Amino acid sequence: MHQRSNDGVIATGNAQVRNTVVASGSNARVDFRVTEEEAERTGGRPLTPQEISDLLARFVEELRRSDHPEREDLAEFAEDAREELAAPEPRTGKLRRVAKALVEAVPGFAALASLAVTIEEAVRGL
């Protein structure tokens with residue numbers, strides 16, 4: 001399998017979009033990694049549960065404006081994650097599964113994919 005790397009982006013085979021990165025062609029794949037620029041937005045610190053909840057709220061707004069075929073189910077899933085983040089002791093395993101599911105559900109929807117990746121990275125920092 002041919003693999004090409006450029007500034008934290010690995011693109012291989014079928015078409016996928018993550019963040020503002022696009023890979024196309026037979027078996028294209030995008031593996032997005034958080035860059036120093038994104039880490040600078042938070043001062044290099046992990047996001048708080050409230051900040052992640054705010055990202056999820058933004059994700060739901062974008063999702064509802066999209067033409068994603070599963071937008072209502074995904075929005076409900078994201079809202080469930082917001083409720084979990086508000087719990088006294090959020091279950092990080094559940095949040096990781098939600099974040100991963102959101103990332104997997106939105107390839108091809110650039111704005112949603114960008115937010116989903118940011119959410120997934122933030123949840124890993126909990």
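## Where two helices touch

Which residues in α2 meet α3? They are P49, I52, S53, L56, A57, F59, V60, L63 and R64, and their partners in α3 are R71, E72, L74, A75, A78, E79, A81, R82 and L85. Here contact means heavy atoms within 4.5 Å.

## About the model

This is a predicted model, where local features need pLDDT of at least 70 and side-chain atom pairs count only at pLDDT 80 or more, while totals for chains, interfaces and linings use all residues. Residues are numbered from 1 along each chain as its sequence is written, and side-chain values use heavy atoms, leaving out hydrogens and water.

## How α2 and α3 pack

Helix α2 covers residues 49–65 and helix α3 residues 71–86; they pack at an angle of about 165 degrees, with axes 9 Å apart. That makes α2 roughly antiparallel to α3 (angles over 145 degrees).

## A second pair: α4 and α5

Helix α4 (residues 92–105) packs against helix α5 (residues 110–124) at about 160 degrees, and their axes are 8 Å apart. These helices are therefore roughly antiparallel to each other as well. From α4, the contact uses L95, R96, A99, K100, L102 and V103; from α5, A116, V117, I119, E120, V123 and R124. By class, there are 8 nonpolar, no polar and 4 charged residues in this contact.

Notes
Axes are lines fitted to C-alpha atoms, for helices over the stretch in contact, and angles run from 0 to 180 degrees between N-to-C directions. Helices (H or I, at least four residues) and strands (E, at least two) are DSSP runs, numbered from the N terminus. Angles under 35 degrees count as roughly parallel, over 145 as roughly antiparallel, 65 to 115 as roughly perpendicular and the rest as oblique. Ala, Val, Leu, Ile, Met, Phe, Trp, Tyr, Cys and Pro count as nonpolar, Asp, Glu, Lys and Arg as charged, and the others, Gly among them, as polar.
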